[in-house]
Amino acid sequence: MSGLAMPKPDAETLSRRAEIVADMRIIVPGEGVVDTANEMRAFETDGLTAYRQLPLVVVLPETVAQVSRILKYCNERSIRVVPRGSGTSLSGGALPLEDAVLLVMSRFNRILQIDYPNRIVVAQPGVTNLGITNAVEQEGFYYAPDPSSQIACSIGGNVAENSGGVHCLKYGLTANNVLGIEMVLMNGEVVRLGGSHLDQEGYDLLGVMTGSEGLLGVVTEVTVRILKKPETARALLIGFPTSEQGGQCVADIIGAGIIPGGMEMMDRPAIHAAEDFVHAGYPLDVEELLIVELDGPSVEVDHLIGLVEAIAHRNGSTTCRISQSEQERLSFWAGRKAAFPAVGRISPDYYCMDGTIPRKELPRVLAGMRDLSEKYGLAVANVFHAGDGNLHPLILYDANVPGELDKAESFGADILRLCVEVGGVLTGEHGVGVEKRDLMPEMFNQIDLDQQMRVKCAFDPNHLLNPGKVFPQLRRCAELGRMHVHRGQMAFPDIPRF
């Protein structure tokens with residue numbers, strides 16, 4: 001892992017590897033422990049494949065009791081643990097450590113309860129995102145968050161990264177669709193947050209856990225809400241001669257009070273790659289392609305289609321197709337859903353970024369990316385959730401050319417700096433992981449980072465869960481000056497505390 005600073009491996013832990021592996025086999029008998037280099041190779045990286053590291057050992061538990069025993073065992077012996085779901089993370093969130101147990105939750109793959117009257121599904125964390133929809137679609141229901149990797153990504157990983165997808169504009173991210181979780185703390189304690197009701201009482205610990213990237217606990221059960229499929233869903237495929245016109249159309253649609261079920265944009269390189277791959281009928285003579293999906297009662301959808309068509313025309317659209325069947329609507333989305341593998345066909349490698357900006361800044365940021373592309377001599381294809389400003393630039397490079405990976409990473413870092421500069425944030429759904437870790441000071445000052453670290457300390461005071469991720473500097477909780485109570489008396493007792 002050259003170029004990426006990670007926590008120094010603990011020599012004592014490495015020296016006790018054989019003992020640790022043997023103890024893991026006692027906790028998880030059968031084929032639940034993988035310890036040979038060749039077998040562990042499948043787990044050495046996640047979706048951020050530029051970085052690879054074999055773990056100390058891979059453990060695949062099947063029960064909550066086993067997860068609890070593993071974490072308690074590691075906590076008592078100061079052994080680091082890296083949780084992992086399906087390994088589709090694009091920020092290195094599941095990157096193993098040389099001295100850490102890689103805790104893989106893929107065997108937790110059952111749906112435990114489907115409650116149609118209350119519109120909830122209770123699933124184990126290894127169930128795929130799409131697996132939830134597949135389980136309920138025969139009754140006319142679906143699970144709304146739909147990341148592009150939904151066929152493979154796990155619902156537990158979605159909770160860890162607060163994943164979104166093309167329909168998150170109207171129906172929300174994972175945080176808006178998860179009602180409760182069961183989780184195991186680093187000390188082995190099993191706790192429940194939320195449940196089958198909409199809002200939990202007290203502190204929003206469920207909100208803290210959603211998007212916590214495996215730093216606070218290991219999720220063993222997830223309760224999500226499911227939605228009834230809308231009566232009608234139709235999509236418009238709109239082409240523009242410039243990105244500025246496409247970006248203004250997005251702003252005007254939202255400004256008119258229209259909230260589409262999904263609103264996605266692709267630029268020329270992404271359009272051509274997707275069309276060659278899927279043959280969805282995309283126009284090839286436009287610079288920007290906007291996909292707008294409207295859903296609801298058919299009368300409402302027909303009315304909104306007319307409004308969106310008029311807004312697109314006022315912004316100079318050169319083409320506008322409206323889906324006339326469910327098959328055609330799905331074909332519009334097929335190209336967008338396949339954009340990542342499609343771009344993989346036109347470049348030996350690509351680096352997928354994730355930043356979020358205010359919608360009004362879209363033309364400025366796209367122009368800035370073009371300038372950066374010339375500066376670094378690397379092409380970039382853009383696909384993004386236009387409605388909520390979540391960008392996914394794909395930087396094209398060749399890892400076999402010396403220095404190109406470094407250039408791609410520098411290019412990506414400059415894109416993220418630009419996002420923050422215009423009032424945006426470092427990530428929308430991919431998480432921070434190791435990819436954006438060292439850019440956190442671009443967005444947060446030291447006071448902010450210390451406060452975030454205090455949350456980590458409350459759940460994992462010894463920093464054993466997924467260390468080296470998110471925080472740019474690994475620090476001990478004692479260095480943060482945790483509140484100290486001496487003989488029942490806090491310092492400065494006259495200060496009101498709420």
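These legends walk you through several close-up views of a predicted model.

**View 1. Meet the largest nonpolar core.** This core holds 96 residues. Ile181, Ile253, Leu290, Val292, Leu294 and Ile395 are the members that touch the most others in the core. Helix H15, spanning residues 404–421, is the biggest contributor, with eight residues. As general background, nonpolar side chains in soluble globular proteins tend to be buried together.

**View 2**

View 3. Four strands line up in the order S1-S2-S4-S3, and their pairing is mixed. Strand S1 (33–34) and strand S3 (80–84) are the edge strands; each has a single partner strand, so one side of each lacks a neighbour in the sheet. S1 runs antiparallel to strand S2 (residues 57–59), and two bridges join them. To find one of the bridge pairs, look for Val33 and its partner in S2, Val59. Helix H4 (residues 64–76) packs on this sheet and touches S2, S3 and strand S4 (100–104). The directions of H4 and S4 make an angle of about 165 degrees.

**View 4. Helix H5 and its packing partners.** Within H5 (residues 129–136), the buried residues are Asn129, Gly131, Ile132, Thr133 and Val136. They pack against three strands listed here by name, S5 (111–115), S6 (120–123) and S7 (141–142), and also against helix H6 (155–161) and strand S10.

**View 5. Two loop residues with positive phi.** Most residues other than glycine have a negative phi. Glu213 has a positive phi, near 60 degrees, and sits in the loop between helix H8 (205–209) and strand S10 (218–225). Is Glu213 buried or exposed? Glu213 is buried, with a relative accessible area of 8%. Phi of His463 is positive too, near 55 degrees. His463 belongs to the loop between helix H17 (446–459) and strand S20 (485–486), and is buried at a relative accessible area of 7%.

View 6. An unreviewed UniProt entry places "domain: FAD-binding PCMH-type" at residues 51–229. In the model, this span is 21% helix and 26% strand, and its end C-alpha atoms are 40 Å apart.

Conventions:
Residues numbered from 1 in each chain as written. Predicted model: local features only at pLDDT ≥ 70, side-chain atom pairs only at ≥ 80, totals over all residues. Heavy atoms only, no water. Core = buried A, V, L, I, M, F, W, Y, C linked by side-chain atoms within 4.5 Å. Buried < 20%, exposed > 50% of the residue type's maximum accessible area, 1.4 Å probe, protein only. Contact = heavy atoms within 4.5 Å. UniProt positions renumbered as here; feature names shortened; annotations may be inferred. Pairing = 2+ DSSP bridges. Axes fitted to C-alpha atoms, helices over the stretch in contact; angles between N-to-C directions.
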